[in-house]
Amino acid sequence: MKNLLAQLKQSNKLQGVFLGAYIIVTSLGLYLLQESVTAFLLILFSLYLLYKTNFPVKLKWSIGILVLTVIMPYVASQGTAFESYMGVATLVGIYVAMALGLNVVVGLAGLLDLGFVAFFAIGSYTYAIFSTKQVTNFLHFDFLPFSGNSFWVFIIVGGIIAAIAGVLLGIPVLRVKGDYLAIVTLGFGEIIRIVFNNLDKPINITGGAQGISSIPSPTIFGYEISNSGQFYYVVLVVLAIVILAVTRLQDSKLGRSWKAVRENEIAAQASGIHLVRTKLIAFAIGASFSGMMGVVFSAKQMFIDPTSFTLLESITILVMVILGGMGSVPGVILGAALVTILNLQVLTEVTNYLNQLTLDGVINLPPALSPSKMQRMIFGLILVLVAIFRPKGLLPAKNKVVAKEDLVDDTVVEENQHSVSF
């Protein structure tokens, strides 16, 4: 068995055969068992197996895109649970993008932000206000409100407005750090939520506690995108852009500056890194990703209110980053996917199953131990176990390996040898 595993780790051909067989079997399982949550999760697990292979990066991307855009949607579309599966997958994509944005702030720059959901709210309300009759309460132009065609522009606009909010937040609060920074950002998140909750008078801008409804669905070439199966592809495109941007930034000069600031601000400043500017850029970029997904979220839900942007949401996104591995792009993706699927799919299904057993009289649980009340406790226990056995996250960040010959300048070596011989 050990020899087989060793051969599997070393041989790309064996890995390809195993991965191909796994994808075929799980796809058939989901095709035949349309309402099986297990089959849906197993086919998603193939992406993790793909990440662990030794394939070239481009090949991994190609296979992953094929699974996400063709295989999984097709085999899931053969039954009544298709919209449910796609709804979960869409929310996974939204939370992954937000977690990657927070990873820039917390994981790379080392700035603890507990009010990150505020930027998500800013993006959501930006599209919701200007695409509904809410905007006519304070602006009177013939072209307002915007139609669903403007959704694609508002993805960019929402990201820009959220980035500006991130900079405005960062300018006064970056004088503090550590726990004080966390408290200030927490307060910022609560202030934004309270402002949106009370901005219905004297002019009704946000709808107050009642929120904003009838948000138009996006349209492209006259085709309306209204259901979860269609929004799934929109989220995939935006998510791909976010992953590409974060991956490029991570190994760039700016990314190395963020890591230097995270490790030691004094040493980073002594090396010529402008601390305030570097931190502000981190806040702006992280906030922009959250704002973009806020626009997608409001269009998908077609209704938003302040209860969707509470402190618990900020903490949940932070848990995704820490659980996956701070500073690790694959780790954050895995952490966000696990937390979202656990809350939306796995624990919900377990709770429903136990409730059904209770109703059928198979088991008799006291009211204090009812499954609906224990769901959060089970989720907390899972987090505690992960923190104990994987303190650095499920997929910890790894420093980029550079060959020794790439670090040594041949001309310098020749000059040193010449000096020594002389």
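Reader: Is S214 buried or exposed?
Author: Keep in mind that this is a predicted model. Exposed is used for a relative accessible area over 50%. S214 has a relative accessible area of 60%, so the label for S214 is exposed.

Reader: Where is S214, and what is its phi?
Author: S214 sits in the loop between β1 and β2 (219–220). Serine 214 is a residue other than glycine, yet its phi is positive. The value for S214 is near 55 degrees.

Reader: What about M302: where is it, and what is its relative accessible area?
Author: You'll find M302 in the loop between α12 (275–301) and β4 (303–304). M302 also has a positive phi, near 65 degrees, in a residue other than glycine.

Reader: How far does α7 reach from its first C-alpha to its last?
Author: Helix α7 has 23 residues. At 1.5 Å a residue, 33 Å is expected for α7. The model comes close to that, with a reach of 32 Å.

Reader: Which residues of α7 are buried, and what covers them?
Author: The buried residues of α7 include F151, F154, I155, G158, G159, A162 and A163. Further along α7, A165, G166, L169, G170 and V173 are buried too. In an α-helix there are 3.6 residues a turn, so residues three or four places apart point the same way. The cover over the buried residues of α7 includes α6, α8, α9 (228–250) and α12.

Reader: At what angle do α2 and α4 pack, and how many nonpolar residues are in their contact?
Author: Helix α2 (residues 12–32) and helix α4 (residues 57–76) pack at about 35 degrees, with axes 7 Å apart. From α2 come I23, S27, L30 and Y31, and from α4 come V67, I71, M72, V75 and A76. By class, the contact of α2 with α4 has no charged residues, one polar residue and, for the count you asked about, eight nonpolar.

Note on methods:
Residues numbered from 1 in each chain as written. Predicted model: local features only at pLDDT ≥ 70, side-chain atom pairs only at ≥ 80, totals over all residues. Heavy atoms only, no water. Helix = DSSP H or I, 4+ residues; strand = E, 2+ residues; numbered from the N terminus. Buried < 20%, exposed > 50% of the residue type's maximum accessible area, 1.4 Å probe, protein only. Axes fitted to C-alpha atoms, helices over the stretch in contact; angles between N-to-C directions. Contact = heavy atoms within 4.5 Å. Nonpolar A, V, L, I, M, F, W, Y, C, P; charged D, E, K, R; others polar. Expected span 1.5 Å × (residues − 1).
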